Number of protein chains: 2
Amino acid sequence: MKTLVICSGGLDSVTLAYKIAKEHELIGLISFDYGQRHKKELVYAKKCAENLGVSYDMIDISNIGAMLSGSALTDDIDVPDGHYAEESMKLTVVPNRNAIMLTIAYGVASSRGADAVATAVHGGDHFIYPDCRPEFINAFQAMQDHALKGLSEIKLYTPFINAPKSAIAALSSELNVAPSDTWSCYKGGKTHCGRCGTCVERREAFHIANVNDPTQYIDQDFWIEAIKKGAA
Amino acid sequence: MKTLVICSGGLDSVTLAYKIAKEHELIGLISFDYGQRHKKELVYAKKCAENLGVSYDMIDISNIGAMLSGSALTDDIDVPDGHYAEESMKLTVVPNRNAIMLTIAYGVASSRGADAVATAVHGGDHFIYPDCRPEFINAFQAMQDHALKGLSEIKLYTPFINAPKSAIAALSSELNVAPSDTWSCYKGGKTHCGRCGTCVERREAFHIANVNDPTQYIDQDFWIEAIKKGAA
């Protein structure tokens with residue numbers, strides 16, 4: 001299965017790229033610059049492509065991102081601290097982001113003769129991001145089957161769709177993905193903040209999977225309190 | 001119904017914009033520069049927005065278009081002459097173009113609090129463009145309903161989906177759209193070529209609708225032969 005991977009440079013999509021390089025034919029990685037403040041992650045996506053010896057394309061859609069206002073990931077709104085399960089995390093929704101990135105990826109995959117587009121949406125994304133849920137993924141596949149009829153047959157491959165992030169953390173370790181080769185923090189500072197939704201989720205995942213995480217976090221202990229609050 | 005219209009500057013989408021300005025609340029027009037050689041059409045889209053007194057945004061996705069190779073609309077491949085019903089017209093397919101433009105339009109519509117995105121796909125597009133067919137439109141709506149769940153409810157409005165282009169030509173006349181305020185030719189020269197698929201389709205439509213078309217075509221008579229060949 002000739003597969004194109006959407007890779008953000010985060011733990012999930014880097015692990016996905018390694019998994020596919022092992023199990024399928026990885027034909028390349030693509031990333032999107034949608035104007036996210038944590039653009040730093042893209043350096044890690046590029047590094048992942050280099051590590052795996054495949055092509056890398058960064059697609060600049062920041063002009064589109066600028067039109068999709070109201071998200072803390074792209075605008076002058078503070079990135080909220082805390083666990084993903086909290087209401088405040090809705091501030092990190094960029095409307096239609098995944099649908100936009102996926103349709104572009106499908107266009108590229110069709111041009112390159114790929115059989116699949118892979119994306120690392122996982123169980124933990126469901127609560128706040130409607131465009132990461134299984135019913136969206138199924139509807140997206142159905143839509144693409146119509147859109148490319150007679151041109152290409154491309155499968156949307158989402159092996160983590162029902163997996164908790166801790167399972168991805170465990171897999172990353174099995175596949176020898178170095179945590180330092182991935183970037184998660186939404187704030188995009190010099191080191192991971194340890195307080196935003198994705199930092200908290202990352203720490204929790206490595207902890208549950210019992211994987212040693214040498215990543216430096218500015219706030220080392222915030223995640224434990226955040227999880228308690230999110231679970232409350 | 002607060003409606004955002006995707007307008008290319010062609011006869012169909014300009015007529016659609018006029019229709020919506022009359023029947024609904026037109027909140028703006030958006031166009032896409034996907035690297036098409038007939039970029040000239042975008043001047044007409046902007047003019048349409050000015051005529052109707054609404055906002056206009058041209059979204060540059062030419063970097064994406066450049067990755068979707070193999071179409072005569074974007075690459076160094078000659079635009080084929082003849083009727084849309086001919087096999088050669090498949091050269092004008094840009095893979096996943098409509099799905100990409102629609103997902104972006106939905107993101108913009110969600111940010112602007114719109115109730116609908118309108119697009120001028122019509123019956124004559126079905127033969128060659130899979131992403132203009134009713135089953136695609138229905139699947140796209142279903143996908144978007146999942147993608148924006150809890151954020152926005154946006155209808156994909158396609159009033160021309162089963163209409164022949166001649167019905168749009170008739171409507172354009174009723175709504176006082178000046179043919180000279182629209183651009184169709186895929187070749188994007190100084191005047192309409194009269195030979196490409198969209199010129200032939202335009203002439204045929206005005207002829208059937210019995211609407212006077214003062215547009216200058218380099219080849220005035222080619223369309224009659226092309227229709228005979230397409231129908232054969």
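**Two-fold arrangement and local architecture of the predicted model**

The model is a predicted one, in which local features need pLDDT of at least 70 and side-chain atom pairs count only at pLDDT 80 or more, whereas totals for chains, interfaces and linings use all residues. Residues are numbered from 1 along each chain as its sequence is written, and chains are lettered from A and ligands numbered from 1 in the order in which they are written.

Across the interface, 37 residues of chain B are in contact with 37 residues of chain A, a contact requiring that the C-beta atoms of two residues, placed from the backbone, lie within 7 Å. On the side of chain B that touches chain A, the elements giving two or more residues are β3 (56-60), α3 (62-65), α4 (97-112) and α5 (134-147) of chain B, where helices (H or I, at least four residues) and strands (E, at least two) are DSSP runs numbered from the N terminus. The most is given by α4(B), with ten residues. By residue class, this side of chain B divides into 20 nonpolar, twelve polar and five charged residues; Ala, Val, Leu, Ile, Met, Phe, Trp, Tyr, Cys and Pro count as nonpolar, Asp, Glu, Lys and Arg as charged, and the others, Gly among them, as polar.

Within chain A, strand β1 (residues 2-6) pairs in the parallel sense with strand β2 (residues 25-33) over five bridges, pairing being assigned if DSSP finds at least two bridges between two strands. A:Ile6 has A:Ile30 of β2(A) as its bridge partner, and A:Ile30 also stands opposite A:Asp57 in β3(A). The pairing of β2(A) with strand β3 (residues 56-60) of chain A is likewise parallel and extends over five bridges.

For α1(A), the 13 residues should span 18 Å at 1.5 Å a residue, and the end C-alpha atoms are 18 Å apart, which agrees; the expected span is 1.5 Å times one less than the number of residues. Ten of the 13 residues of α1(A) are buried, so the helix is largely enclosed by the rest of the structure, a residue being buried if 20 or more other C-beta atoms, placed from the backbone, lie within 10 Å of its own, exposed if 12 or fewer, and partly exposed in between. The buried residues of α1(A), including A:Leu11, A:Val14 and A:Ile20, pack against β1, β2, α2, β4 (116-118), α6 (165-174) and α7 (197-209) of chain A.

Two loop positions were also examined. A:Ser55, in the loop between α2 and β3 of chain A, counts as exposed with 12 C-beta neighbours inside 10 Å. Not counting residues up to four places away in sequence, A:Ser55 touches A:Gly28 and A:Ala49. A:Asn212, in the loop between α7 and α8 (222-231) of chain A, is exposed with 8 other C-beta atoms within 10 Å.
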